[in-house]
Amino acid sequence: MVAELFPKLVTLLSFTVLGAAFLLIVRRDLAGQVRLFAVQSLTLAVLAAVIAAFTRSIELAGVAAALALLKVVVIPRVLTRAVAKIGLQPAALPYLGTPATLVVCGGLVTIAFYVMAPVAASNPLPTAEAIPIAFAGVLIGFFVMINRRRALTQILGFLMLENSIFLLALLATYGVPFIVEMGVFLDVLVAVLIMEVFIYRIKENFDSIEVDRLGRLKG
Amino acid sequence: MRALLRKIWTTPVVAEPLAPADDDRQIEAMARQVDARAQRLFGRSLHIREVDAGSCNGCELEIGALNNPYYDLERFGMHFVASPRHADCLLVTGPVTRNMADPLKRTYDATPDPKIVVAVGDCARDCGIFAGGYGVVGPVSAIVPVDVVVGGCPPTPQLILAGILAALDRRGTFQRIHPTDGPIA
Amino acid sequence: MITKIAIETIQLLIVGLGAPLLVGLVRRVKARLQGRRGAGVLQPYADLRKLLAKEAVVSETTSWIFRFTPYLLVATMLLSALLVPLLTTRTPLGFLGNIIVLMYLFLLGTFFLALAGLDAGSAFGGMGSSREMAVAALAEPTVMIAIFAMALRVGNTELDEIVRRGATDSLLLLTPGHLLAFLAFFIVALAETGRLPVDNPATHLELTMIHEAMVLEYSGRYLMLIEWAAGMKLLIFLALLSNLFFPWGVALTVTPAAVAVACVALVLKVGALAVGIAMLETAVAKLRLFRLPALLSGSFALALLAVVSFLFVK
Amino acid sequence: MTSSETLTLNLLLLALGGFGVGAAGAVLAACRPGVSRWAGHVGALVGAMAAFALGVAGLAGGTLDVAIPALLPVGGFSLGMDRLSAFFVLVIATAAIPSAIYAIAYTRAYEGRSSLAGMGLGFNAFLAGMVLVALARNVLTFLVMWEAMSLASYFLVMTEAEHRETQYAGWLYLVTTHAGFACLLIGFLLMAQGTGTMNLGEWRAASAALSDPVRHAVFVLLALGFGAKAGVVPLHIWLPKAHPAAPSHVSALMSGVMIKLGVYGLIRIGFDWLGVGVSWWGGAVLVVAAVSAVLGVLYALVEQDLKCLLAYSSVENIGIILLGVGAGMLFQSYHLDALASLALVASLYHTLNHAVFKPLLFMGAGAVVHATGTRNMEEMGGLIKRMPQTAACFLVGSVAIAALPPFNGFISEWLMFQSLLLSFQISATGINLLFALSIAALALTSGLAAACFVKAFGITFLALPRSEQAERAHEAPWAMRGTMAMSAVACLALGMAPVGLLRLLTVTAADLTGTDADVRFNWNGIVANDAFAVVSPLWIAVALVSLLALVPIVLRIIGANGGRRAYETWGCGRALQTARFEYTGTAFANPFKRVFGLLYRPVKELDIQFHPESRLFVETIAYRNETRSIFEEVLYGPISRLVQRGAQRARIVQSGSVHLYLLYIFVALVVLLALAG
């Protein structure tokens, strides 16, 4: 029963991760987007914990705990603070409207499935069938970074991308070694902090956090 | 949504319960009566169409208050509807102005029988301070048959409820209408 | 034979008599969430009874279509109630048609209601008809793709069979495609039954109306039939959602005990969905008409993803 | 010659005789319009009835073999009949019978305005041409009859040649139909060369000898030629112009059956002449069909001209029919022959259905146009009170074409959905997704078609009349009403009792694919693919009617108030209630225009003229909200400019010098001799 249930559960949780990415596309307000990211990370942490329990790996359990701490608590806090500091901004529409974005993302998911289905089939792990889902998350994260105008949303796109890569590693090999994962977490944290500082800078200089305005910096 | 649900969870029901021991005894007593009468006459279901025949909108504010959680008209099986076709009761406010006399008549005719008319406010009773104005035709009763007049400028929501009750009383005869004209279809 | 008749009778009674109760429940929960006491759950019965006792005022402009439509609406809903698997996976009249037939029966009702909206020559009615048809047309692809997803999953489009497969293979319910199809179908159900955020059933503003605008002209027994039919449609959609996607408690064999359990399960599931809808309606605002395509295309994307996931993730 | 062959031959002769006598009678009585009208159309009626019998005989297994070598060069005049041909003859006759009766009454209005002799001649020639196309067994016979059919319909389109738009429509029709003809000609010649035979019946066996490039080229050319006749997007631009321009009984035939001969051709190349095709053929047909269905109905939806709306809806229905053809071809290339048969059955069923309800709708539109003198829906309204029987028939047609139970359109669309849904049996992911999208397209089409016909019926027949002509409208003559009623009954019969027809169609499909369709049926219902899907049209209708009767009875028993009072429409107490307050067709279509703005590219102009003294008073408001056709602008604009420029260049050779012309001929002769040697 457990052996049967486990892959189903993994796939379901992976899909929830992807679903959170989709909702992030639809969502307009920044605070909601940050909360969605927290939800996505929480799902990911749960997934890591489930796999840790299934494989009885203490290392992976540690990674899950670290992930929960960092991405569910710390980074959302930092980002929420940034949102509060920036204050209300006039709505910046993405380059593509919601229906068009949904169509593009639907296409990306299809492509991801198409490309990764053979990879998943050749991988012997029971978690492998969710690999295409994780890859779809990577593509969508990329697309969000391209499509959104706000620096903060781009950070979210980056974080989602990172989440998806973590998911991919988790599914394909039950996660990379503990020490590597910790290093990545540290990098992500530092990156977020630096970008936050950058946002304040952009905001101070341009009174806006739309990335388009950076074009004015050209000599 | 989470914040909203938390808020809902922590906010109590503010509608005044029908049980005694409330500070506002007047409305409560009346509401109980409306409850009982409405049940008998309209089977505990009364749909109201509001007609502003030239009011200053003071009465509308009070009528609007009937819908809020405090008075919560809906708990008596009454509610406001969007078309006279759906209505059992017309709630008319204001001195009837020239431009609204005809629409008021048409609204009355458009409401299916049995129906009751409640004129709300001093203006609806006798044109109030607008009496004799060049744009005013007369009180509501000059245009359509009125069952009850509720005085006040503006009347309180309690009084309006009382008025609806009184109207139900006077029209007590048409409780059940049997098929009269023509087959069903 | 007697069991068959009994089951169909119970189904008819559940749908026909349960519909006002469901509407009352949703309203009651909404009122409670708004801090009000609200009317009792039995209020819609009183409303319907009162409407029956009133005369009908009919516009001089209208034709027989206006008077015929309420009867047709009720007839299509009752017919749907006969062929939907509410209690068992051996619905006696299930042979009348599969899920596509059901959707077309609903469309038949919508078609005539839209005509009736145009019949009185009022601008409101026309507006309602035009919007209702737009929503119905845009919801249609999602429905069919969701059906395709189910066909991929169970290899069948028979309602009974889909429910039976779900009830016997519980792991199937955990597949992502299943949940995606549920979400897509749920959004469509909201659109088809005129609930928020697509349409506000409690609005008084003609300009924001969809379904209500079409029935502004109706009164008396006609209005009663239309409101009853609307309640039945909501009930059938919720029952479909609960039995197709969460077929717990549905009787696989036709024994009195199993059917009784199925009745209780159905009431619980539909009640839970009704409370969910009431909470959703409290939390979200009505979407602007021209934002609806975004919502419906979102549901379409979900349905398509369900298909994709069933194709790739076996 | 067996007795069955004698029978079919006699029926064919009777049909052709009917058409011939009709044509001759119409011409001979040219100076007596009344007689000419009767002679022409009664002849056509007799011919059509004989053709109907011929079709039935053919479906029942009758064959036909007529060859008159002397009549035409290269292989002679040759006719034959298999079940597919018989089915299309039946389709032609099904639409022709009501049209002919209708025409007797309808063309009365043309007396004194147009030549009734010409109309009678054209009508009969048109019918004869179509029947013979379906029966042709030889390249030259086929092409000659195809051309006869096209030309006859061209002259019928030009009946009211005095209108400018008719002239343009006729011109456009002539150009596209000949462009299509050219494709067919080249395709046929390539095929004949590759297979070494001009006999269409031998192509299936001989097609194996074709090289791959030739096979693909033949497919593309023939598909273009037949597609242009069928009016698939983007080759459809002539259709919505030419069909409405013709008199209504001719529009009924053009929309109801002529375009179906394009489908006939596509079925022939997909299932017969070229053998089992490659998968991209079926895929291409499927995509084109889905696009045609959706775009056809979208354009129909915003159309204000009633007959134009019906013409666009023909594009949509051709799309639906071809979805089945494309799906069938795909199934066949994946060796799912039983499913291919199912898809083909759905297609053929819809073909016949469309030949029933489209003429019905065109005849209804004709009656309305006849009564109001306009084709613009915005000037109609309230006709249900003035022409109740026409309205009832039109309503039946609308419900049937919107594919709602219990009418015939529902059965064919249901079958179509099942055959598309069953595509999950193909194990190729790309194809599965393609099918998913075509299911979505079909679903969107059916939803939009319902909206479109709510508009068509609601704006035309309901509410208050929007113009004086509509106010004064009167019911159509009995002959017109009778034929419409006949078609309406046929819609209901084909929707409630599909068994007999299905039996014939499954045999027809099995002839083409070699396998019986994956469907079982009896009076109780239709079952697709071993309980994959079930429908019981008869019992649904019975249940619906009994519930409809039950509801008022129950209401009466529980003591409902039966009172009814007539009063004005609720307009918020407004003093004036006129038709100006009604929702217009344009307004009805507006949500669709906004949602699909990308396709329509709506042009909006609002022009307000204020009173010179105060901006508070408005003198006039002009509002224009039109849609543009992307195809005409983006696709055909450049092509026509290119052709024009080419023509300018080519004018150089036209010098007027006889010597130069002789030189051309001489050079051509020498080159040909050199090539031959």
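Analyst: Pro234(D) sits in the loop between helix H8 (212-230) and helix H9 (239-245) of chain D. A cis peptide bond links Val233(D) to Pro234(D), with omega about 5°. This is a predicted model, in which local features need pLDDT of at least 70, side-chain atom pairs count only at pLDDT 80 or more, and totals for chains, interfaces and linings use all residues. Residues are numbered from 1 along each chain as its sequence is written, and chains are lettered from A and ligands numbered from 1 in the order in which they are written.

User: How are helices and strands set here?

Analyst: They are DSSP runs, numbered from the N terminus: helices are H or I with at least four residues, strands are E with at least two.

User: And which residues does the cis bond in chain C join?

Analyst: Leu196(C) and Pro197(C), with omega about 0°. Pro197(C) is in the loop between helix H7 (176-192) and helix H8 (211-214) of chain C.

User: What is phi for Ala463(D)?

Analyst: Near 65°, a positive value in a residue other than glycine. Most residues other than glycine have a negative phi, and most peptide bonds are trans. Ala463(D) lies in the loop between helix H17 (429-461) and helix H18 (468-471) of chain D.

User: Is Ala463(D) buried or exposed?

Analyst: Buried, because 29 other C-beta atoms lie within 10 Å of Ala463(D). The cut-offs are 20 or more other C-beta atoms within 10 Å for buried, 12 or fewer for exposed, and partly exposed in between, with C-beta atoms placed from the backbone.

User: What about Cys572(D)?

Analyst: Cys572(D) has a positive phi of about 60° and is not a glycine. Its loop runs between strand E6 (564-567) and helix H22 (585-595) of chain D. With 14 other C-beta atoms within 10 Å, Cys572(D) is partly exposed.

User: Change of topic. How do H12 and H13 of chain D cross?

Analyst: The axes of helix H12 (residues 306-333) and helix H13 (residues 337-372) of chain D come within 8 Å and cross at roughly 175°. Axes are lines fitted to C-alpha atoms, for helices over the stretch in contact, and angles run from 0 to 180 degrees between N-to-C directions. H12(D) and H13(D) are therefore roughly antiparallel; that label takes angles over 145 degrees, with under 35 as roughly parallel, 65 to 115 as roughly perpendicular and the rest as oblique.

User: Which residue classes make up the contact of H12(D) with H13(D)?

Analyst: There are 16 nonpolar, nine polar and three charged residues. Ala, Val, Leu, Ile, Met, Phe, Trp, Tyr, Cys and Pro count as nonpolar, Asp, Glu, Lys and Arg as charged, and the others, Gly among them, as polar.

User: Now the chains. Which two share the most contacts?

Analyst: Chains C and D, of the five pairs of chains in contact. Two residues are in contact if their C-beta atoms, placed from the backbone, lie within 7 Å. No contact joins chain A and chain B, and their closest C-alpha atoms lie 10 Å apart.

User: How many residues of chain C are in contact with chain B?

Analyst: 31 residues of chain C, against 29 residues of chain B. On the chain C side, H2(C) gives the largest share, six residues. That side divides into eleven nonpolar, seven polar and 13 charged residues.

User: Last one: what is the strand order in the sheet of chain B?

Analyst: E2-E1-E3-E5-E7, five strands in an open sheet with parallel pairing. Strands pair if DSSP finds at least two bridges between them. The edge strands are strand E2 (78-80) and strand E7 (148-150) of chain B.
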